[in-house]
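Have the model open while you read.

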Amino acid sequence: LFGTSADPPTGEGGHVGIAKALLDAGTFDEIRVIPVYSHPFASKRSRLQSFEHRFQMCLLAFAALETKKIVVSDAERRCYESLNKNGDVTVERVGTADLLEMLGEEEPETDFFFCMGGDTFRDLTDWKWKRSRDVIKLLGGRIWVFPRSGANGVSQEVLKERVESIQSEWPAVKLLEDIHLDDISSSLVRTMKDTNQLQTMLAPPVLKYILDHRLYAFASQDQEEKAILQ
């Protein structure tokens, strides 16, 4: 399971590169990419592009790997709808434990692994997540952690120490030390209008989708054009 905001999904140096590394590991029958339906942090929830846009961009991004082993899943949306069965929004976001419980009920014979970045793993094991310990328990410790550089990254040394400390109880936790990604972040992509630079950061169909739908930095351009016409 590869959960991500996918806002937007980045290319070989980011999200697609992570999926490719998981595929090349030869461990998994399927890599399931799960776009976040409603962000766990309220401060970011309202800034997310619609789930429909992000889901479609994921389909375009991961199709570049040309394999049936990578599947883009709407599991978080289904889980959200299940938690709010009567149509009344009583649960604003899906917790990872909620998602794992739903998938476990649907596929009791499947051994799920979870892939996450070092910064996310740090937050999980600082017990900042809702039901953090339940998440690890539901996975049986099957968490693969990839280093992430940049402002939000965790140094390799600190990350290795954290992984080793958790492995004492959950030996299945694994640090992917050999994965090397560019310092490409979705937040940088969202603010950029330089299409030449964006071509190096996104799969071509994703960039085309962003331009066609005037998303992110190009949304303001659309608003400026409408203002001129008025």
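By class, 10 nonpolar, two polar and five charged residues line the second largest pocket. Nonpolar here takes in Ala, Val, Leu, Ile, Met, Phe, Trp, Tyr, Cys and Pro, charged is Asp, Glu, Lys and Arg, and polar is the others, Gly among them. Bear in mind that this is a predicted model, where local features need pLDDT of at least 70, side-chain atom pairs count only at pLDDT 80 or more, and totals for chains, interfaces and linings use all residues. Residues are numbered from 1 along each chain as its sequence is written, and side-chain values use heavy atoms, with hydrogens and water left out.

**The pocket**

- The second largest pocket holds about 370 Å³ of space. On a 1 Å grid over the protein atoms alone, a pocket is an open set of points where a 1.4 Å probe fits, with protein on both sides within 12 Å along at least five of seven lines; its volume is the space filled by probe spheres set on the points, which are joined across faces, edges and corners.
- Of its 17 lining residues, F28, D29, E30, T110 and D111 sit closest to the centre; lining means having an atom within 4 Å of a point.
- β2 (31-35) and β4 (114-117) are the elements that give two or more residues to this lining. Elements are DSSP runs numbered from the N terminus: helices are H or I with at least four residues, strands E with at least two.

**The cores**

- The largest nonpolar core counts 37 residues, and L22, F62, L198, L202 and I210 have the most contacts inside it. A core is a set of buried (under 20% relative accessible area, 1.4 Å probe, protein chains only) Ala, Val, Leu, Ile, Met, Phe, Trp, Tyr and Cys residues joined through side-chain atoms within 4.5 Å.
- Six residues, the largest share of this core, come from α3.
- L22 touches F28, I31, C115, W144 and L176, leaving aside residues up to four places away in sequence; contact is heavy atoms within 4.5 Å.
- A second, separate core has 27 residues, including I34, V94, M102 and F121.

- D7 and P8 are joined by a cis peptide bond, with omega about 0°; P8 is in the loop between β1 (2-4) and α1.
- R131, not a glycine, has a positive phi near 55°, and lies in the loop between α6 (118-125) and α7 (132-139).
- R214 also has a positive phi, about 50°, without being a glycine; its place is the loop between α11 and α12 (217-229).
- R131 has a relative accessible area of 31% and R214 27%, so each counts as partly exposed, the range between buried and exposed (over 50%).
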